[in-house]
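Colleague: I would like to learn how to read a structure one feature at a time. Could we work through an example together?

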Amino acid sequence: MAETTTKRKNSAKKSPYEEPAGSIKQPIIAARERGPGPGRYGLPSTCGFNKHDFSKHMKPAYSFGKKPENEMYGQDCSPGPGHFPNPRYTRFGMDGTPAYSILARQKDPNTFVTPSPYAYSPEKVHPQGERLAPKYSMRARTRYRKGDQQPAANKYSLPQLLGSRVPNKKSSPSYSMTGLPKVGGYLEDMAKAPGPGSHDAVHPDVTNCKKPLYSMLGRNTMPGDNTNKPGPGAHKPETVTVNKRKYPSHSLGIRHSEFVVPLIVEVSE
């Protein structure tokens, strides 16, 4: 009877994913575990007193209340800390020290205002006992009087004295400048002979021995094959396996798991 109970206990303790005895221990895959994840558990709050974590120490909490309505507090009408008493009032009354204020100067009520020393300009006064030259001022011309019919001096206009058209005045000789005439001038070419500039200079090759002449042309291309030839880097002798032994080659793959989500791609029609 005791042996059957021990067998039942051992069978109950074993997990379906437990490795058999003597096998190599494999890593645990989280996808095989069917229990809830870490995000499903929530620890109790440590703020406030409602649903506080009983395993943590809770500090005392205080609240702000309003002023109690009581007759004892209602009758007290003393000023608060913000009240500032006037320093001019004492327990004996208002302070009697005279106080003065600074205002602007009032206007003189008298009609005659005595000038100040700055109003005089003695430098503009001519010294007494010395001769003074007459002074004249210029102003606009006054209008004619109705009884005065004589014209003013500026009503007359004098003839011009420039030129030779003044009949009663002696004028100096006047000259005019004209263009150079083509016929009858001292520069008229009667013989029509060519000048020195009309002749061309004779080239030295006409009268002297002519030197050899050379010209410069571009480089001529040599005829040949224009096909592209492979360079040294185009050849790969290490990949040749026709006449050489090929060594084994291996590739690195990835580990596949049965819990990997398959890739689903939408194919457009």
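Colleague: Is Lys-51 buried or exposed?

Modeller: Keep in mind that this is a predicted model. Lys-51 has 76% relative accessibility, so Lys-51 counts as exposed. Lys-51 is found in the loop between H1 and H2.

Colleague: What is the phi of Lys-51?

Modeller: The phi of Lys-51 is near 55°. That is a positive value, and Lys-51 is a residue other than glycine.

Colleague: Is His-52 buried or exposed?

Modeller: Buried means under 20% relative accessible area. His-52 is at 16%, so His-52 counts as buried. His-52 is placed in the loop between helix H1 (2–13) and helix H2 (71–74).

Colleague: Which residues is His-52 in contact with, leaving aside neighbours within four places in sequence?

Modeller: The contacts of His-52 are Ser-45, Thr-46, Cys-47, His-57 and Met-58. For Thr-46 there is also a distance to read: a polar atom of the His-52 side chain lies 3.2 Å from the backbone oxygen of Thr-46.

Colleague: Which side chain of opposite charge is nearest to Asp-53?

Modeller: For a salt bridge, the nitrogen and the carboxyl oxygen must be within 4 Å. The nearest side chain of opposite charge to Asp-53 is Lys-56, which is 5.3 Å away. Asp-53 is buried yet has no salt bridge. Asp-53 also sits in the loop between H1 and H2.

Colleague: What does the side chain of Asp-53 join in a polar contact?

Modeller: The side chain of Ser-55, in a polar contact of 3.0 Å. Not counting residues up to four places away in sequence, Asp-53 touches Pro-44, Ser-45 and Thr-46.

Colleague: How many salt bridges does a search of the whole structure find?

Modeller: The search finds one. Asp-225 forms a salt bridge with Lys-229, and their closest N and O atoms are 3.4 Å apart.

Colleague: Are Asp-225 and Lys-229 buried or exposed?

Modeller: Use the cut-off for exposed again, over 50%. Asp-225 has 54% relative accessibility and therefore counts as exposed. Lys-229, at 55%, counts as exposed.

Colleague: Which residues make the nonpolar surface patch?

Modeller: Leu-180, Tyr-186 and Leu-187 make a patch of about 420 Å². Take Leu-187 as the case to read: its relative accessible area is 58%, so Leu-187 is exposed. Leu-187 lies in the loop between strand E2 (93–94) and helix H3 (204–207).

Technical notes. Residues are numbered from 1 along each chain as its sequence is written. This is a predicted model: local features need pLDDT of at least 70, side-chain atom pairs count only at pLDDT 80 or more; totals for chains, interfaces and linings use all residues. Side-chain values use heavy atoms; hydrogens and water are left out. Helices (H or I, at least four residues) and strands (E, at least two) are DSSP runs, numbered from the N terminus. Buried means under 20% relative accessible area, exposed over 50%, partly exposed in between (1.4 Å probe, protein chains only). A polar contact is a pair of N or O atoms within 3.5 Å; within protein, one must be able to donate a hydrogen and the other to accept it, and residues adjacent in sequence count only if both atoms are side-chain atoms. Contact means heavy atoms within 4.5 Å. Patches are made of residues with over 30% relative accessible area and no salt bridge: like charges are joined within 9 Å, nonpolar side chains (Val, Leu, Ile, Met, Phe, Trp, Tyr) within 5 Å. Accessible areas come from the Shrake-Rupley method with a 1.4 Å probe; for residues, only the protein chains shown count as cover. Lys and Arg count as positive and Asp and Glu as negative; His and the chain ends are not counted.
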